Every structure is written in C-alpha cells, then in structure tokens.
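Please look over the sequence and the fold together before reading on.

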Amino acid sequence: MGTVESIQAWLNSGEESLLWLMLGIIALSYLLEDLAIVTAAGLATQGLIPPQYALLAIFIGIATGDLGLYYLGKSGRYFRAVRYKALTNRYFRALRTKLRQNAFSSLFVIRFIPGLRTVGFTLSGFFAIPLPTFLFAVISATAIWTGVVFSTIYYLGTSAWLQASEYQWIVIPCAIALLFVGNRLMNKTYSRGLS
C-alpha cells in the first residue's frame with residue numbers, strides 16, 4: 001500500500017479522522033481563511049468530511065480567530081506606550097470616531113476586504129467597540145462570505161460533469177486563484193475609495 005492509499009484509508013477510518021480533519025480546517029483558517037474554505041469544500045466534495053462539519057469547522061476557526069484579534073487589541077490598552085501613541089495620534093482619533101459611529105457597517109465591510117481584517121478587528125478591541133456589536137457584524141459577514149464561497153465550490157465539485165472528468169482536481173487551484181484575484185481587486189477598489 002502506497003503513502004497516498006494509506007492516508008486515504010486513515011482519513012476514511014472513522015470519527016477520529018473526522019475530528020482531526022475539523023481541527024486541521026480550524027488551524028488552517030487561522031493562517032489563510034479563504035484557503036481553509038476552499039480546502040474544506042474540496043474535502044466535502046470528495047466525501048472525506050460531511051459538508052455541515054466542514055462548514056462548522058470553518059465557522060469556528062474564522063470566528064475564534066476574529067475574536068482573538070479583538071482581544072489582542074483589547075489587551076493593547078494595558079500598555080502605556082500604545083495608549084499614549086493612540087491618544088496623541090490624530091489619525092487614530094479620527095479612525096476611532098469613524099469606527100465607533102458606524103461600528104456594525106464598518107466591521108461588516110472590513111470582513112470582505114483582505115488586509116483590513118487584522119488591523120480592523122484588532123483596533124475594534126483597542127477602541128472598545130462593544131463585543132455584541134463586534135460579534136454580530138463579524139458573524140453575519142462571515143456567514144455570508146463562507147456560505148457563498150463554500151457553496152459555490154461544493155456545487156461545482158459535486159456536479160456530475162465534473163465528477164466524471166479526470167480534471168476534477170483543477171477546481172481547487174482555480175478557486176484559490178479566483179479568490180486571490182478577487183481579494184486583490186476589492187482591496188485596490190477600497191483603497192482607491194479612501195484616497
């Protein structure tokens with residue numbers, strides 16, 4: 001039995017492998033959220049993990065990662081030098097005012113703009129945006145983003161014409177490339193709007 005066959009046998013062995021797959025998806029979502037969504041959809045398409053468990057793992061990973069960024073920002077308030085910089089910097093004051101006035105809509109939009117997630121969610125904790133507002137905005141946007149991307153990839157991967165094709169594997173690299181290009185375009189569009 002080759003290495004690939006032994007890995008596939010282990011993945012199909014039962015509940016323990018399901019737990020490891022879910023933990024792997026959660027860990028991957030801490031590094032690259034879009035890659036985790038595509039990977040989970042690919043695993044679900046192959047029948048290695050039920051779609052509902054794949055979605056649950058993605059959602060847990062993304063939500064806990066965002067919450068971790070919020071609390072990282074909140075802990076930054078305890079450092080005197082960081083507080084001083086924030087209080088004396090006029091850009092920080094303007095940003096705090098904008099984020100507090102439109103917390104839900106700002107955080108909702110930030111979820112879809114790569115490069116702003118880490119900064120925006122960390123500053124939300126630092127600026128003491130109410131946790132319920134933060135969670136509601138982030139969870140709503142995460143549900144929409146994850147649902148759209150996962151469903152699209154899962155639908156394409158499970159379609160009969162693609163299942164019969166020997167080029168079924170190409171869905172994942174194409175999806176990653178499309179997400180990368182889409183993220184870059186959204187980032188440039190949003191950055192141009194701020195200038």
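Helices α4 and α8 lie oblique to each other, a label for angles that are not under 35 degrees (roughly parallel), over 145 (roughly antiparallel) or 65 to 115 (roughly perpendicular). Helix α4 covers residues 51–76 and helix α8 residues 117–126, and the two pack at an angle of about 50° with their axes 6 Å apart. The axes are lines fitted to C-alpha atoms, for helices over the stretch in contact, and the angles run from 0 to 180 degrees between N-to-C directions. On the α4 side the contact is made by D66, L69, Y70, L72, G73, K74 and G76, and on the α8 side by R117, T118, F121, T122, S124, G125 and F126, where contact stands for heavy atoms within 4.5 Å.

This is a predicted model, in which local features need pLDDT of at least 70 and side-chain atom pairs count only at pLDDT 80 or more, while totals for chains, interfaces and linings use all residues. Residues are numbered from 1 along each chain as its sequence is written, and side-chain values use heavy atoms, with hydrogens and water left out.

A second pair can be set beside the first. Helix α5 (residues 80–88) and helix α6 (residues 90–101) have axes that come within 5 Å and cross at roughly 80°, and the two helices are therefore roughly perpendicular to each other. Here A86, L87 and T88 of α5 meet R90, F92, R93 and R96 of α6.

The protein chain as a whole has 11 helices and 0 strands, the helices being DSSP runs of H or I with at least four residues and the strands runs of E with at least two, numbered from the N terminus. Of its 195 residues, 35% count as buried, that is, under 20% relative accessible area with a 1.4 Å probe and protein chains only, against over 50% for exposed and in between for partly exposed. Among contacts between residues at least 6 apart in sequence, 75% join residues at least 24 apart.

The unreviewed UniProt entry annotates "transmembrane region" at residues 18–41, 53–73, 103–128, 134–157 and 169–186; these positions are in the numbering used here, feature names are shortened, and such annotations may be inferred rather than shown by experiment. Over residues 53–73 the chain is 100% helix, with end C-alpha atoms 30 Å apart, and over residues 134–157 it is also 100% helix, with end C-alpha atoms 34 Å apart.

Helix α3 (residues 33–45) has 13 residues and reaches 18 Å from its first C-alpha to its last, close to the 18 Å expected, a span given by 1.5 Å times one less than the number of residues. Because 11 of the 13 residues of α3 are buried, this helix is largely enclosed by the rest of the structure; E33, D34 and I37 are among the buried residues. After α3 comes G47, whose phi is positive, near 80°.

A128 also has a positive phi, near 60°, in a residue other than glycine. A128 sits in the loop between α8 and α9 (131–158), and at 36% relative accessibility this residue counts as partly exposed. Within helix α9 is G147, which is partly exposed at 26%; the C-alpha atoms of G147 and F59 are separated by 9.7 Å, although the two residues are 88 residues apart along the chain.
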